[in-house]
Amino acid sequence: MTEIILILAVVLLVIIISNIHIVPQAYGFVVERLGAYHTTWHTGLHFKIPFIFRVAKKVTLMEQVADFPPQPVITKDNVRMQIDTVIFYQITDCKLYTYGVTNPIAAIENLTATTLRNIIGELELDSTLTSRDIINTKMRAILDEATDPWGIKVNRVELKNIIPPREIQDAMEKQMKAERERRELILRAEGEKNSAILVSEGRKQSMILEAEAKKQAAILEAEALKETKVLEAEGEAEAILKIQEANATGIKMLNEASPTKEIVALKGLEAFAKAADGKATKIIIPSELQSLAGLATSASELFKEDN
């Protein structure tokens, strides 16, 4: 009897322990009572009545990532390509997630494929390749609205890869190569243009500096010539002044010596001789000087006879 009681106690203890549940952080346990939804357990210690309550589903509340394989799509200009998507989602309602749809991930994958085909079908190839952000935004809005009854919130949708056909890839590579070559030619032409401009600017500056140097040299030469002429004029003026002073001194001395008429006439004759200086062809001599010249000639002849 004691052994039976002990066995029953052990079984009861095992049943009690097995019905004690600890819900970890960021998890939710969906609990059913007699096969119907009863409540959702969140973080903490919980106890359920055996055979009446049952944990139907353990749901993680953390953000999850679903990476779907490439899906075939056709663009507006009839180009077939493969696009694979990555979806970041989070479960917000454990009850809706458990009872809303049979296989939520498969439902999201199919919904993503159909949504992607609808969006890409309205775009051409070039727009598809350059409008990733627009496509991501549209898909997130559509998927988030569609999965809301399932207790799922789609936080982000990303186009992982866009794989066009091989011939399209080859054409794109050739186009990119041609574009790079065009940019290279443009850059080279711009460089040559800038180089030519710099060379011409250098020549222009050199010519300007050379002209400025010639101008300064001409100005200095003109100033030097001007100073030379000024000095020469000052010298001539000073010489004339000295001559005038000498003449004035001579006249003064003559006046002080009370010269006779004959001496004055003789000085006048000397002055005429200096004035002629061998260059004049005809000189008119006053009568007083003519008589004086005759006297001078007679005196010279008498001087010769005496000798």
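1. The count for this predicted model comes to 11 salt bridges, where a salt bridge means a side-chain nitrogen of Lys or Arg within 4 Å of a carboxyl oxygen of Asp or Glu.

2. One of the salt bridges joins E32 and R54, whose closest N and O atoms are 2.7 Å apart. E32 belongs to strand β2 (residues 27-33) and R54 to strand β5 (residues 53-60), so this pair ties together parts that are 22 residues apart in sequence. E32 has a relative accessibility of 8% and counts as buried, because buried means under 20%.

3. R156 is partly exposed at 48% relative accessibility. E158 is partly exposed as well, with a relative accessible area of 26%.

4. In the pair R182 and E179, the closest N and O atoms of the salt bridge are 2.5 Å apart. Both residues lie in helix α6 (residues 166-257); they are three residues apart, which means a separation of about one helical turn. R182 is partly exposed, with 42% relative accessibility, and E179 is partly exposed at 28%.

Terms used:
Residues are numbered from 1 along each chain as its sequence is written. This is a predicted model: local features need pLDDT of at least 70, side-chain atom pairs count only at pLDDT 80 or more; totals for chains, interfaces and linings use all residues. Side-chain values use heavy atoms; hydrogens and water are left out. Helices (H or I, at least four residues) and strands (E, at least two) are DSSP runs, numbered from the N terminus. Buried means under 20% relative accessible area, exposed over 50%, partly exposed in between (1.4 Å probe, protein chains only).
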